[in-house]
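I opened the model and kept a list of what I looked up. The entries follow in the order I made them.

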Amino acid sequence: MLHALRSLLRAPGFTCIALMTLAIGIGVNTSMVSLVQALLFRSAPFPDADRLVQILGAAPTGRVEVFSAVEIREITAQTDAFDTLTVLGGTRFVASEQGHGTERLTGMYATADLFSTFGMQPMLGRAFTAEEAQAGRNSVIVISHTFWQSRYGGRSDALGRTLRLDGEPVEIIGVMPPEFEYRMLWGNTQLWRPLAYTKEQLEWRDYRTFQLIGKMRSPGAAPQIASSLANLAVEQAKGHPQTYGGFRYRVLPLHEALMDDTGRRISWMLLGLSGFVLLIACANLANLQLARATAGARDLAIRAALGASRARLVLRQLGESLILVVGGTLLGLLVAQGINSVVESRFLIDGRAGLTVTMDGPVLALTALVALITGVLFGILPAWFASRTNVQTVLKGQARGSTTGRGHNRMRQALVVCEITLAVALLGGAGVMHRSFEKFLTRETGWDTARVLSGTLPVPETRFANEDARMAFYRQVEARLAAIPGAERAAIATSMPVFDYNGERQVLVEGQAPGSAENFPSAFHVMVTSGYFATVGIQLVEGRLFPEDIKASDPRVVVVNETLARQLWPGRSAVGQRLCSMDSGYAFWAEVIGVVRDVESAATVRPPATRLVVYKPLAHEAWGWVHLIVRSEKPETLAHAFRQAMEEIDPEMPADWISTVPQKIEGSQQNLRLAATTLTWFAALGLGLAALGIYGVISHLVAQRTGEFGIRMALGAQQTDVFQLVLRHGVLLTVIGVIIGLAGALAVTRVLHTIMPRLVGLDLPALALVAVGLLGVAIVACLVPARRATKVDPLDALRAE
């Protein structure tokens, strides 16, 4: 090993390049392994985390994360394998307190077993009790450590203070420890309040708003729970086929349940593609080692002539590789730490940075294993070729000892082709993803995404006695927003096509009876004011829209989108037809008065659960959570006036998340853009390493064939002939690698399409651009050695021969 170390020190250029290449390859992979471990495998930071599970559902329309109080009662009665089963419901409170003004706080309603489920108690004060989880008695809250520090400076006198949440006075009775703030679960949650079900929540089966997290009696009880819930799903499907047809329950470990399928697939994709960078690095280092072994062929031949065995020669070469691996791994850990810091600062959870990516024991152990495999990969082939040196041929050659065989050349060329192949696959994936983002953001969605400003307004049920009073308030809000200087019009809706509509319900036509959800279509149901369509720019195709003065007592009418009209009444006009919507087992019939253009969500990359949409007058179903929408030529300039207008109407009900559609898209796609940027960096590193490999091979070719070039020029060859000869060799290797790599790029594109079918598709122009670009880089990499070949002096070359 000492001799190998001295040998590396005598070649500082080679050693530095090798260490940097290894550091990049190992660092990128270590970072991606630690990211996947943090997102997919790290247990929640609670005691007995292996016993914590979340109950989810899988329906024909997709993943179900929330349940109704009715369903929760049935689930609880079906299984006794839990020590505790906690119900959680996220919300936004309007908080007011003397000296602090009014603001929106992110909160969570929870049952009293919250603290025993997660095995943590307040660090100050106490937890709330089951008796306090009753209507009229739940006026207590427990706050987060972060909220305690930011609002009250960490003072103990925060306990006992009174806040007004949605107009109700509540008392702070406890402060949770900082370890409780698991952002993957809680996001920006600042307080927890006892859950007291409302009358509607207790009665309506479709009122789905609660998560279910339980602590199992034993870590291995998940299959038993899943089996019992499978029986429940069968019973529910018999009693309510329109809701539970094709439905099944899933019981997942908490940390696994918190990552959706898209995030999981993207994480694995990035880990797999980071392996491409490592393979390119290995190929590059193997090429460098082969060149070095070729240059030292005479030294190896002398050692073999003096009795050195083949094993000894192989071990000598592997010794250098192992030293490089150790040094490259240490540098790679620094590279990984730097990448992890960037990821932590840019990976958003609920709109804020909150992911911790660490290199713990398992990650370091895997890094050591990867480093060892890397050392063998880039060291064994050069060592084996070096050990096969023909002693007599080398010793009979010239003193300079640059003799090498065809095997070395073929191997080096094969390695370069592999590098180019992998680089094309990476570049192709990155190019397609970036072009797909641009197309996605500029595509036609069917509505005016550039001229809309919106905010959300959660309206507490306690603020208004009935839906008529709530609707009167909405009309007041709509009129005030429309009066903002610069606003063209305003509207209110229960959801917007920014992140897809919500409110799925089964729909039927006359002559049909309710049946299985698998056999009848579902449609998004969106409650809107009459000005909604003009405000967001959705065109009327047929019929008419809702009158502005429509009242709750008026006959039920709906407007549908084109896809629903074509599917339910093919070849006929939908206007004048009767449509039934199933809601919690009840049938609601309405007349179709209009058909509007289809719209697509502006930000969601996953396909929608359904493409059918029913628009219903907000006056007929005045929800307590709505979107306030203003149309303007320059919507970004109205945010302050929007906020001020809501404060004038009711200071204790400010609008939340006021932003334009592009701003909402930017925030929601931050993590996807981070993935795309990461893939781009992988591609850039792969391209750089591939270019270095091409340069190395062509430079070595020129050094080997100096005599040949001299003879050619002595016999009359022009410099341009030699230049083209060298350049042709490099371009040929590149073309072979590009052709094979395009197949790999198509495979990467297919994987991306599977993960994000709405975003990524086949993009031949992008792949063609990648191929041309890499060919250009390869030509540039060949120019210097090709030019060097034209400078060969024929007399010097012939004299050397």
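**Entry 1: ground rules.** I am working from a predicted model, in which local features need pLDDT of at least 70, side-chain atom pairs count only at pLDDT 80 or more, and totals for chains, interfaces and linings use all residues. Residues are numbered from 1 along each chain as its sequence is written, and side-chain values use heavy atoms, with hydrogens and water left out.

**Entry 2: Asp-166.** I started with the loop between strand E7 (162–165) and strand E8 (168–175), where Asp-166 lies. Helices (H or I, at least four residues) and strands (E, at least two) are DSSP runs, numbered from the N terminus. Asp-166 is not a glycine, yet its phi is positive, about 50°. I noted a relative accessibility of 10% for Asp-166, so the residue counts as buried. The cut-offs are under 20% relative accessible area for buried, over 50% for exposed, and partly exposed in between (1.4 Å probe, protein chains only).

**Entry 3: Asp-500.** I found Asp-500 in the loop between strand E15 (487–493) and strand E16 (504–509). Asp-500 has a positive phi too, near 75°. Its relative accessible area is 17%, and so Asp-500 is buried.

**Entry 4: the chain as a whole.** I counted 26 helices and 24 strands in the protein chain. The chain has 801 residues, of which 52% count as buried. I then took the contacts (heavy atoms within 4.5 Å). Among those with a separation of 6 or more, 82% come from residues 24 or more positions apart.

**Entry 5: Ile-172.** I went back to strand E8, which holds Ile-172. The relative accessible area of Ile-172 is 1%, so this residue is buried. Its C-alpha atom is 8.7 Å from that of Gly-125, 47 residues away along the chain. Apart from neighbours within four places in sequence, its contacts include Ile-141, Ile-143, Tyr-152 and Leu-163.

**Entry 6: aromatic pairs.** How many aromatic pairs does a search of the whole structure find? I got 24. Rings of Phe, Tyr and Trp (its six-membered ring) pair if their centres lie within 6.5 Å; planes under 30 degrees apart count as stacked, over 60 as edge-to-face and the rest as tilted. I wrote down Phe-118 and Phe-180, an edge-to-face pair with 6.0 Å centre to centre and 85° between the planes. The pair links distant parts of the chain, 62 residues apart: Phe-118 is in the loop between helix H4 (114–117) and strand E5 (124–125), and Phe-180 is in the loop between E8 and helix H6 (183–186). Phe-118 is buried at 0% relative accessible area, and Phe-180 is buried at 0% as well. Ring pairs join Phe-46, Phe-118, Phe-180, Tyr-182, Trp-186 and Trp-192 into a cluster.

**Entry 7: cavities.** I found two cavities of 30 Å³ or more. On a 1 Å grid over the protein atoms alone, a cavity is a set of points where a 1.4 Å probe fits but cannot get out, and lining residues have an atom within 4 Å of a point. Grid points are joined across faces, edges and corners, and a volume is the space filled by probe spheres set on the points. The largest cavity has a volume of about 80 Å³. It is lined by 13 residues, and the closest to its centre are Val-558, Ser-581, Phe-588, Ala-590 and Lys-616. Two or more lining residues come from each of strand E19 (557–561), strand E20 (578–583), strand E21 (586–596) and strand E22 (613–617). E21 gives the most, three residues.

**Entry 8: a charge over a ring.** I checked two of those lining residues against each other. Lys-616 lies over the face of Phe-588, 5.7 Å from the ring centre. The test asks for NZ of Lys or CZ of Arg within 6 Å of the ring centre and within 35 degrees of the ring normal.

**Entry 9: Val-614.** Is Val-614 buried or exposed? At 0% relative accessibility, Val-614 counts as buried. I placed Val-614 in strand E22. Its C-alpha atom is 6.8 Å from that of Asn-561, 53 residues apart along the chain. Leaving out residues up to four places away in sequence, Val-614 touches, among others, Val-507, Phe-524, His-525, Val-558 and Leu-579.

**Entry 10: Pro-241.** My last stop was helix H9 (residues 241–244), where Pro-241 is placed. With a relative accessible area of 24%, Pro-241 is partly exposed. Pro-241 and Pro-514 are 273 residues apart in sequence and 7.8 Å apart in space, C-alpha to C-alpha.

Terms used
1 Å grid on protein atoms, 1.4 Å probe; cavity = no way out; pocket = protein on both sides within 12 Å on 5 of 7 lines; lining within 4 Å.
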